Amino acid sequence: MTPPELLALRSPAAVRARCHQVLDHVLAGRSPHFTVDEAALDKVADYVSEVTRLAYPGLDIPYHSRWRHFDAGGVDRWAPIGGQIRADLAETARTMIDVAVVSVLLDAGAGDAWRYREAETGLTVTRSEGLAVASLRMFEAGGFSSDPQHPLRVDATALLQIDAATLGRFFQVSDANPLVGLEGRAELLVRLGKALAARPDLFGGTVGGAPARPGGLFDALAPQAKVGRLRAAQILELLLDGLSPIWPSGLSVDGFSLGDAGRHPAITVPDRSNGIVPFHKLSQWLTYSLLEPFEAAGLAVVDLDEMTALPEYRNGGLLVDLGAIVPRAPLDPAQKFPVSSELVVEWRALTVALLDRLAGLVRERLELDASQFPLAKMLQGGTWSAGRRIAAEKRPPAGGPPISIDADGTVF
């Protein structure tokens, strides 16, 4: 039987609580890696507010989700694809969940060199937007479906057949156009296929019938909605349950997979969760990206701020570049730190905790309250775009992060 203290780490509450413990540790001067300049948060809030108002002058800010990236270059790519579904609201939601899941799982950093040239528009897109467009076009072409009669679907049978060569073909990868972590991405999709097939209670699928698919989450979660309202944390916790086996570099304790988590000495508890800081970055990003599919089916997703900010290099880089997180020693851009290193774990934890503090400051400047401007909108408005902008200003032309990560294509 899994110890309850390990199960408890699969929650946004655990992410928030333990990241704030790391912040307290750093503020107490105990870290060999960073200090925190709390006064610099005002500067960060000014910058984020400016970026938000420039992007959304009327403050009609959408959620930070994969659906924003599908519109790269101002092109509405989903509408013509969604128009082909011709199904009821539930099936529309299942299809939207299908594409969001695979696209988010393929969203780890692409590297500076990779480009995707979209034949349909002639646009060339890079980084997260490029990965989004490439994955959506692969979905449209039936690349994630095992049934040619139902190409607009993602199913376990098809995912189990995907390899690096197949993914590389759809993503236009070549020696001249390398994609960071191509093998890791393909392996992640295969593991996703295995996870889907292993949990018919969550993802559907029957022997001899329709295969399991990510969209089965809709049927697992919709009955849990009370008066048409579903908590965001319910979506995340189900994802962490169903998809925990897919993370190749995830942390495990006594055979129990914790997924995206790291170790840090700030966490001292007398049980098997000692030293562990959970993050669940891609799973939280996926949860944010599933808000619109559930809402498309008429369900309201509530309590968004039970979720946390995303501990990735745009949000974290913003805090370093504007002086809120201060490295104790100069950072060598040529040095790459492993995702599991104490320095990176601490940087990510500080990102989560400090963005909690930043949210109130940005809300004051925009004159919005938490219900109008949850974290899901601050990230979009917002910190992610601000992190990209300041990185481009400080490290042109590529605008890479201030701390280099040795990534495998499955976390960042």
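User: Where is Asp-303 found?

Analyst: This is a predicted model. Asp-303 has a positive phi of about 55°, although it is not a glycine. Its place in the chain is the loop between β9 (300-302) and α15.

User: Is Asp-303 buried, partly exposed or exposed?

Analyst: Asp-303 has a relative accessible area of 40%. Buried means under 20% and exposed means over 50%, with partly exposed in between. Asp-303 is therefore partly exposed.

User: Arg-127 is not a glycine either; what is its phi?

Analyst: Arg-127 is found in helix α7. At 12% relative accessibility, Arg-127 counts as buried, because the cut-off is under 20%. Its phi is positive, at about 50°.

User: How many cavities of 30 Å³ or more are there?

Analyst: The largest cavity has a volume of about 170 Å³. By the 30 Å³ rule, the count comes to one cavity.

User: Which residues lie nearest the centre of the largest cavity?

Analyst: The lining of the largest cavity holds 18 residues. By class, eight are nonpolar, four polar and six charged. Nearest the centre lie Asp-107, Ser-128, Lys-281, Glu-312 and Trp-384.

User: Which element gives the largest share of the lining of the largest cavity?

Analyst: The elements that give two or more residues to the lining of the largest cavity are α7 (127-140), α14 (281-296), α15 (313-321) and α17 (375-394). The largest share is three residues. That share comes from α7.

User: Which residues is Ser-128 in contact with, leaving aside its neighbours within four places in sequence?

Analyst: Ser-128 lies in helix α7. At 13% relative accessibility, Ser-128 counts as buried. Ser-128 is also among the residues nearest the centre of the largest cavity. With neighbours within four places set aside, its contacts are Arg-66, His-69, Asp-107, Trp-384 and Arg-388.

User: Now the largest pocket. Which residues are the closest to its centre?

Analyst: About 470 Å³ of space lies in the largest pocket. Its lining is made of 19 residues. The closest to the centre are Gly-111, Asp-112, Lys-336, Pro-401 and Ile-405.

User: How many residues of each class line the largest pocket, and which strand gives the largest share?

Analyst: The lining of the largest pocket has nine nonpolar, five polar and five charged residues. The largest share of that lining is three residues. The strand that gives them is β12 (residues 404-406).

User: Are helices α16 and α17 roughly parallel or roughly perpendicular to each other?

Analyst: The axes of α16 (residues 342-366) and α17 come within 11 Å. They cross at roughly 75°. Angles of 65 to 115 degrees count as roughly perpendicular. The two helices are therefore roughly perpendicular.

User: Which residues of α17 make the contact with α16?

Analyst: From α16, the contact takes Leu-355, Asp-356, Leu-358, Ala-359, Val-362 and Arg-363. By class, the contact of α16 with α17 has seven nonpolar, one polar and two charged residues. The α17 side is made by Leu-375, Met-378, Leu-379 and Thr-383.

User: What is omega for the peptide bond from Gly-381 to Gly-382?

Analyst: Gly-382 lies in helix α17. The peptide bond from Gly-381 to Gly-382 is cis. Its omega is near -15°.

User: And what is omega for the peptide bond from Pro-396 to Pro-397?

Analyst: Pro-397 has its place in the loop between α17 and β12. The peptide bond from Pro-396 to Pro-397 is cis. Its omega is near 0°.

User: What separates the C-alpha atoms of Leu-192 and Leu-379?

Analyst: Leu-192 lies in helix α10 (residues 182-198) and, at 0% relative accessibility, counts as buried. Leaving aside neighbours within four places in sequence, its contacts are Val-101, Val-102, Leu-105, Leu-159, Leu-243 and Ile-246. Leu-379 is 187 residues from Leu-192 along the chain. Their C-alpha atoms are separated by 27 Å.

How values were computed
Residues numbered from 1 in each chain as written. Predicted model: local features only at pLDDT ≥ 70, side-chain atom pairs only at ≥ 80, totals over all residues. Heavy atoms only, no water. 1 Å grid on protein atoms, 1.4 Å probe; cavity = no way out; pocket = protein on both sides within 12 Å on 5 of 7 lines; lining within 4 Å. Points joined across faces, edges and corners; volume = space filled by probe spheres on them. Helix = DSSP H or I, 4+ residues; strand = E, 2+ residues; numbered from the N terminus. Nonpolar A, V, L, I, M, F, W, Y, C, P; charged D, E, K, R; others polar. Buried < 20%, exposed > 50% of the residue type's maximum accessible area, 1.4 Å probe, protein only. Contact = heavy atoms within 4.5 Å. Axes fitted to C-alpha atoms, helices over the stretch in contact; angles between N-to-C directions. Parallel < 35°, antiparallel > 145°, perpendicular 65-115°, else oblique.
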